[in-house]
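Dear colleague,

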Amino acid sequence: VEALSEGARDQLYLSLRLAGLELHLDEGRTPLPFVADDLFVNFDDARAAAGFIALGKLAQRTQVIYFTHHHHLIDIAQAALGEAVTVARLS
């Protein structure tokens, strides 16, 4: 793991978190919300889009809340998921 870049480590960690939650849901357990804060800050745009697509699929099974202060990530999420994205801006 030490040989991976910070972005690759973040991707690995996210994949493990998603797999754990999918297993939890597949076992018929109570759905837990997935709350994330700037998961994709170390991802390039293509990988961030793929990450949002993965979160969109998860959102079909449980609530997904994603916090960011990076405005370009909002654009990427909306491009990847369309109207499935609800943006609430906090001032």
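Helix 3 (71-81) contributes five residues to the lining of the largest pocket, which is the most that is given to it. Please keep in mind that this is a predicted model. Helix 2, strand 2 (64-67) and helix 3 each provide at least two residues of that lining. The largest pocket has a volume of about 750 Å³, and among the 23 residues that line it, Y66, F67, T86, V87 and A88 are the closest to its centre. By residue class, the lining divides into 16 nonpolar, six polar and one charged.

As for the aromatic rings, four aromatic pairs turn up when the whole structure is searched. One of them joins F40 and F43 in a tilted arrangement, with 5.0 Å centre to centre and 55° between the planes. F40 counts as buried because its relative accessibility is 1%, and F43 likewise counts as buried, at 10% relative accessibility, the cut-off for buried being under 20%.

F40 also pairs with F52, here edge-to-face, at 4.7 Å centre to centre and with 75° between the planes. Since F40 lies in the loop between strand 1 (34-37) and helix 2 (45-58), whereas F52 belongs to helix 2, this pair ties together parts that are twelve residues apart in sequence. F52, too, is buried, with a relative accessible area of 5%.

Taken together, ring pairs link F40, F43, F52 and Y66 into a cluster, and Y66 is also one of the residues closest to the centre of the largest pocket.

With kind regards

Terms used
Residues numbered from 1 in each chain as written. Predicted model: local features only at pLDDT ≥ 70, side-chain atom pairs only at ≥ 80, totals over all residues. Heavy atoms only, no water. Phe/Tyr/Trp six-rings, centres within 6.5 Å; stacked < 30°, edge-to-face > 60°. Buried < 20%, exposed > 50% of the residue type's maximum accessible area, 1.4 Å probe, protein only. Helix = DSSP H or I, 4+ residues; strand = E, 2+ residues; numbered from the N terminus. 1 Å grid on protein atoms, 1.4 Å probe; cavity = no way out; pocket = protein on both sides within 12 Å on 5 of 7 lines; lining within 4 Å. Points joined across faces, edges and corners; volume = space filled by probe spheres on them. Nonpolar A, V, L, I, M, F, W, Y, C, P; charged D, E, K, R; others polar.
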